[in-house]
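Hello,

Here is the structure I promised to pass on to you. Please have it open while you read, and my notes follow just below.

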Amino acid sequence: MGIRDTDRTLPSNRMVFELRRDPAAYAEFKRDLEASMARYGLTDEEKRAWREVDLSTLARLGVHPYFLPQVSRLFKGGGYNHNDSEAARLYAEKMHIAGGAR
């Protein structure tokens with residue numbers, strides 16, 4: 001999956017973009033994932049991938065490669081962008097990166 005596989009019309013892309021910039025939308029996401037997914041009109045396959053933090057499926061569906069680590073940050077925070085953060089570990093685990101983050 002590469003940048004050319006990005007589906008700009010995929011609701012997940014808009015959701016990631018807006019959640020990273022809109023504190024109210026992010027608060028709703030943290031409080032009620034299902035409501036957020038419904039508000040952005042995600043497909044059933046996207047919803048399943050979000051519930052399971054299935055980054056490979058999100059990539060296959062067309063989520064922009066830049067947004068994939070952002071998905072893990074949405075679930076695990078990410079105020080500190082360092083290699084030992086919970087978000088970095090989740091991203092490494094979901095992307096099957098050998099050894100994970102350190």
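Val53 has a relative accessible area of 9%, so it counts as buried. That figure, like the others in this email, comes from a predicted model. You will find Val53 in the loop between H4 and H5. Which residues does Val53 touch, leaving aside its neighbours within four places in sequence? Val53 is in contact with Val71, Phe75, Leu90 and Lys94. For one of these, Leu90, there is also a distance to look up: its C-alpha atom is separated from that of Val53 by 8.8 Å, although the two residues are 37 apart along the chain.

**Thr57**

Is Thr57 buried or exposed? With a relative accessibility of 9%, Thr57 falls under the 20% limit and therefore counts as buried. Its side chain makes a polar contact of 2.7 Å with the side chain of Asp54. Setting aside neighbours within four places in sequence, the contacts of Thr57 are with Glu45, Arg48 and Ala49.

**Helix H3**

Next, please turn to helix H3, which spans residues 33–40. Its buried residues are Leu33, Ser36, Met37 and Tyr40. They lie on the same side of H3, because the arc they cover around the axis is only 95°. What do these buried residues pack against? Their partners are helix H1 (11–19), helix H2 (23–31), helix H4 (44–51) and helix H6 (67–76).

At its start, a side-chain oxygen of Asp32 comes to within 3.3 Å of the backbone nitrogen of Glu34. Just after H3, Gly41 has a positive phi of about 70°.

**The protein as a whole**

Stepping back, the secondary structure consists of 7 helices and 0 strands, which reads along the sequence as α-α-α-α-α-α-α. The protein has 102 residues, and 41% of them are buried. Taking contacts between residues at least 6 apart in sequence, 49% join residues at least 24 apart. The accessible surface comes to about 6100 Å², and carbon and sulfur atoms account for 50% of that.

Best wishes

Methods. Residues numbered from 1 in each chain as written. Predicted model: local features only at pLDDT ≥ 70, side-chain atom pairs only at ≥ 80, totals over all residues. Heavy atoms only, no water. Buried < 20%, exposed > 50% of the residue type's maximum accessible area, 1.4 Å probe, protein only. Polar contact = N/O pair within 3.5 Å; in protein donor to acceptor, adjacent residues only side chain to side chain. Contact = heavy atoms within 4.5 Å. Helix = DSSP H or I, 4+ residues; strand = E, 2+ residues; numbered from the N terminus. Arc of directions from axis to C-beta. Areas by Shrake-Rupley, 256 points an atom, 1.4 Å probe, with all protein chains shown as cover.
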